[in-house]
Amino acid sequence: MSKKWKNILGGLIVFTLVSGILAVVGGLYILYSFGRDLPDYNQLANYEPPVVSRIYAGDGSLLKEYAREKRLFVPINAIPPKVIQAFLSAEDQNFYTHIGIDFKGLLRAVLVNVKNVVTNRRPVGASTITQQVAKNFLLTSEVRLERKIKEAILSYRIEQAFTKDQILELYLNEIYLGQNSYGVAAAALNYFGKSLDELELEEIAYLAALPKAPSNYHPIRRYDAAKGRRDWVIGRMEIEGFISEEEKLAAQELPLATVDGGRARTFQADYFAEDVRRELKKSYGDDELYGGGLAVRTTLSPRLQQIAEREMKNGLVTYDRRHGWRGPLDKMDLFASPYESWKETFLKRNTPLGIPTWQEAVVLEVTDEMAIIATKEALSSSETYDNLLKQSISLEEVKWARKWLPGETRGPQVKSVAEVLVQGDIIAVEAIETEDPAFGDPFGLRQIPEINGALVAMDPHTGRVLAMVGGYDFTRSEYNRATQAKRQPGSAFKPFVYSVALENGFTPSSIILDAPFVIDQGFGMGKWKPRNSSDKFYGPSTLRLGIEKSRNLMTVRLAQNLKMDKIVEVADRFNINNDLPDLLSMSLGAGETTLLDLTAAYGMIVNGGNEIQPSLIDRIQDRHGKTIFRHDDRNCVNCISNDWRNQQAPELPDLRDEVLDPVTSYQLVSMMEGVVQRGTGVRIRSLGRPLAGKTGTTDESFDTWFVGFSPDLVVGVFVGFDAPRSLGRNEEGSSVAVPIFRDFMRDALKDETPIPFRIPEGVRLVRVDPVTGQLASTGQRNAILEAFRQGSFPEENQQVLDGFNSLVQTKTKLRTGTGGIY
């Protein structure tokens, strides 16, 4: 070799060595420069991401999900292999062999991108799953060379510190997959309403298609692109050997079908769920509620909730129709603009109607005999006015719509449809069935009720709230009238006054004078003159009749005799009102309370006098499955057993405090059973089963109530206007609240065998005349079994609580005279 070539070869060697040294030094400098300020990747070892808190009904149905990032954490050993295989096929085929950076994949991406630049296509990435973990957890998403270098360094370090499965677990639980879904488990529920182990191959492949750009593969708005990407993932799974060709072809043939546009299936009980949310927020705070992964098992019974929602709406609509037509939802001028213009305006409307079968419609034409209307569905399917599907409302269907007048009265009878509707009215309608439709598809005129109400159903032995309706429609008003509205219970408070009497020597057959009562309220306040709802006086009457017929004057006279401090104490004891004023009018239910508290108080009567606390939550578990709250906190030593060998059933201790003597409780139950059989709740008697309760109507019928019970279910109903005003003449608890209670109980108990109310020890049943309270004569047909405490007995010479606020001995009649009552 010549000297010249030796010099050239030597120069190349020196250049190579220098270049190598510079490359090594440069690499070391880059590693030092970019690696010294990197985030601490060891924090991933304690990864606890924000996860969704879920609220479940008593039967396990999903009610609500609360989360800032909708995520459910699933450990890697619980993720089905097919899910892992799909994501590896789509995102990182060499995951289990590379060191955090896939150099082969990187080279392939460079070559592809050169081609894509020439063909003006979008460049592809080559990030490994480890790099995506580094970016998502520790870095930003900015597209810069500096960030990519840091990402590569972190990826290598993560690979040295964690196993492949740990990295994959982080990735599959953190990745965003669209529709507010973070992690594969949340995405499975959101898109398909399934858990991971229920997914089919084509569904798994769709989830694996989403990481690159979820919005580009929306299952509805971009269906073709979404299905194409899904089919590509299925093809990659076949190439990687995870599925057979037959499985690939079969899966690619299937359409892409998601659940309800990306929403998981939930049972709707909005008022109930919102009260649960408030309770969780108060106890655990926003961070735990929206990111702590709480699993909350509530007391709700979906079956009873459905009945409650339906019957409350029906009851409010029925009352509303009795009081006339208040006018359309809105009006529009059909001739002020072209058909397409007003049609578009109408279709954009979104008025919550409250009942799923109701629709919004616009009145097109009106005659005396009918109105021609168009629903949203009809307008959506019609391109021109002439081709509009014809729908009609007949005169018969608007006869109820007499004009509403102040005081909840009505105008004259409707003789023409034109008296009710005019062209351009926007109204609520419902499709109906009729044998002879006047024209086209028949509809009935509907009206959103202005009145509102609430219903609570509860287990009287535990206080578990089984159903709760807080108003006509949650989307129209989130105000919960079962728990937030404090209203006067009226006569529904009377059983608690009578409980004091029974505790203080009175019996259900004791006689109270029903006569005028006047009391001076003090300087400048005038005289208080309570009256019965009938404006009549009935003379001496039994305590039982006082409850059955809801006699105000008897109750006031009784309260005056007992002293109000005892009644104030019983209101506090039953948690009806903790600060009841010491005023005689409070005995008639003038103090305010909530429907939930009053229903719980009635539950304490029917359960034998044991205290209960209303509860919406049975159990709460944290993200790790540890129980952090349990409503029933009693310990049961022998409840857990591996098998059954005819051993004695464990007995749980009854830790409830006694708020009322069991005998007194049963006496009240028996008297309130008479309310249903002969009194103000007689409309319920048609159900033909043991039921009891009490109506309530406040002054001038501002509030109407019925709270009642079977032996194992207590139900409270309240109906009234949000801005208190009279419900109208002759409207009372018996006409408004009682029908709702009756119809709820009809369906709630239809599959249960009727059982009588439980009679405790110490009760003596005696046949008496229900009017006089005296022993029934032989063969008397209307006699009832009256509940007396052992040792007490109806006496022939009854004492009467008269106008002097004293007990007077008499044989048959009260002595003549007013007794000092004015």
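This is a predicted model: local features need pLDDT of at least 70, side-chain atom pairs count only at pLDDT 80 or more; totals for chains, interfaces and linings use all residues.

Modeller: Residues are numbered from 1 along each chain as its sequence is written, and side-chain values use heavy atoms, with hydrogens and water left out.

Biologist: What is the mean pLDDT of the protein?

Modeller: The term pLDDT is the predictor's confidence in each residue, from 0 to 100. In this protein 83% of the residues reach 70 or more, and the mean pLDDT is 85.

Biologist: Over which residues does pLDDT stay under 50, and how many contacts does the model have there beyond four places in sequence?

Modeller: A contact here means heavy atoms within 4.5 Å. One such stretch is residues 804–822, where the pLDDT is below 50 and the model has 35 contacts beyond near neighbours in sequence. Another is residues 22–36, for which the contacts beyond four places in sequence come to 11.

Biologist: How many helices and strands does the protein have, and what share of its residues count as buried?

Modeller: Helices (H or I, at least four residues) and strands (E, at least two) are DSSP runs, numbered from the N terminus, and the protein has 21 helices and 28 strands. Buried means under 20% relative accessible area, exposed over 50% and partly exposed in between, with a 1.4 Å probe and protein chains only. Of the 822 residues, the share that counts as buried is 51%.

Biologist: What kind of aromatic pair do Y191 and F192 form?

Modeller: Rings of Phe, Tyr and Trp (its six-membered ring) pair if their centres lie within 6.5 Å, and planes under 30 degrees apart count as stacked, over 60 as edge-to-face and the rest as tilted. By this rule the count comes to 18 aromatic pairs. For Y191 and F192 the centres are 6.4 Å apart and the planes are at 50 degrees, and the pair is tilted.

Biologist: Which parts of the chain does the pair of Y271 and F474 tie together?

Modeller: Y271 and F474 form an edge-to-face pair, 5.1 Å centre to centre with 85 degrees between the planes. Y271 is buried at a relative accessible area of 3%, and F474 is buried at 16%. The pair ties together parts that are 203 residues apart in sequence, because Y271 lies in helix 11 (residues 270–291) and F474 in the loop between strand 15 (465–469) and helix 15 (494–503).

Biologist: Is helix 19 roughly parallel or roughly perpendicular to helix 20?

Modeller: Axes are lines fitted to C-alpha atoms, for helices over the stretch in contact, and angles run from 0 to 180 degrees between N-to-C directions; angles under 35 degrees count as roughly parallel, over 145 as roughly antiparallel, 65 to 115 as roughly perpendicular and the rest as oblique. The axes of helix 19 (residues 595–606) and helix 20 (residues 662–678) come within 8 Å and cross at roughly 110 degrees. That makes helix 19, relative to helix 20, roughly perpendicular.

Biologist: Which residues make the contact of helix 19 with helix 20?

Modeller: From helix 19 the contact takes Y602, M604, I605 and V606, and from helix 20 it takes S665, L668, V669 and M672.  Ala, Val, Leu, Ile, Met, Phe, Trp, Tyr, Cys and Pro count as nonpolar, Asp, Glu, Lys and Arg as charged, and the others, Gly among them, as polar. The residues of this contact divide into 7 nonpolar, 1 polar and no charged.

Biologist: Is R230 buried or exposed, and which residues is R230 in contact with?

Modeller: R230 lies in helix 9, and with a relative accessible area of 0% R230 is buried. Leaving aside neighbours within four places in sequence, R230 is in contact with E202, A205, Y206, A209, A251, Q252, L254, P255 and L256.
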